[in-house]
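Visitor: Could you walk me through this structure, please?
Guide: Gladly, let's take a look together.

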Amino acid sequence: MVTRAYQVTHITTYSYPEAVTSSYGRGYVTPLEMPGQRRLEHSVTVSPEPTDQSFMTDYYGNTGVYFHVTSEHTELAVTGRSLVEVDAPEEGYLRSGLADAPWEMCRPVGRDGARAVDFLLDNDPPEVTEQVREYAASIFVPGRPLAEAVWDLTHRIFTEFHYKSGSTTVSTKVSEVMERRSGVCQDFARVAIACLRSHGLAASYVSGYLATTPPPGKERMIGADATHAWAAVWLPGDRWLAFDPTNDQFVDERYVTVARGRDFTDVSPLRGIIFTKAKKSSMSVSVDVAPVDSPRDAERADGDPRPG
């Protein structure tokens, strides 16, 4: 089995024109420990040094961080560092088990599906509109294998929606993305999730990182990677089939999963409250996903996917 190891560095810096006297923050910048992914090391440092900082495991099993900075400051930096190993999917995994079963059999029912019901429910306000149902109806035809339907959904979003950086915000609705046929990774993930839920399938929003390769002859640029978002559909047996509509592919060993929730708001990298007289602020984010040696390391896959 191919295994990749990555040293991930995620730095978020906030700058303010006037002093901040108190800052509360929480977020998700620590990769998940999960089947196919092992978190070997992780740390989150905050500058200025917080008065209080702690880690917690949320309802979905994600590792979150909380901090409270009480010293006066005009700049706040939060740095997450992790060493993680990711296994490549087993050969033929899309043709084995329930991934190859009719999609109707993969709806969460009974005791086995109890943990997935949260991922079936629509958001408030609703994202599963009639337009979403119609878009998904031609994909999820009766008896079609789940993996085949999910691949079709992934490919259609990739080909029919235009990737345009900065065209949307975290508050942009799925209906707006459907109308514009443009957006970024988080929008395409949410469109896919709405389509799955419209047919009774449980789907999750996944945040993380995607290791990218530089053009031929060029060196890796430190900090050039970015946070990324994709989606996953639940399978009986409490397994997840993850896919990336932004890059037209199923998730493989180039993806580092940080957190999984019902929507972006569940797994936001950082959010918080500050006390200041400043009327505005600025934020910069630097992400680096650097390949490192691993006992099961192998030649990296080709391709330069969209970072999200």
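**Aromatic pairs and their surroundings**

Guide: By the ring rule, the count comes to 11 aromatic pairs; rings of Phe, Tyr and Trp (its six-membered ring) pair if their centres lie within 6.5 Å, with planes under 30 degrees apart called stacked, over 60 edge-to-face and the rest tilted. This is a predicted model, where local features need pLDDT of at least 70, side-chain atom pairs count only at pLDDT 80 or more, and totals for chains, interfaces and linings use all residues. Residues are numbered from 1 along each chain as its sequence is written, and side-chain values use heavy atoms, leaving out hydrogens and water.

Visitor: Which kind of pair do the rings of Tyr24 and Phe275 form?
Guide: Their centres are 6.3 Å apart. The planes meet at 70°, so the pair is edge-to-face.

Visitor: Is Arg190 buried or exposed?
Guide: Arg190 sits in helix α4 (residues 185-197). Buried means under 20% relative accessible area, exposed over 50%, and partly exposed in between (1.4 Å probe, protein chains only). With a relative accessible area of 10%, Arg190 is buried.

Visitor: Which residues form one aromatic cluster?
Guide: The cluster brings together Tyr and Phe residues with a Trp. Its members are Tyr59, Tyr60, Phe119 and Trp240.

How values were computed. Helix = DSSP H or I, 4+ residues; strand = E, 2+ residues; numbered from the N terminus.
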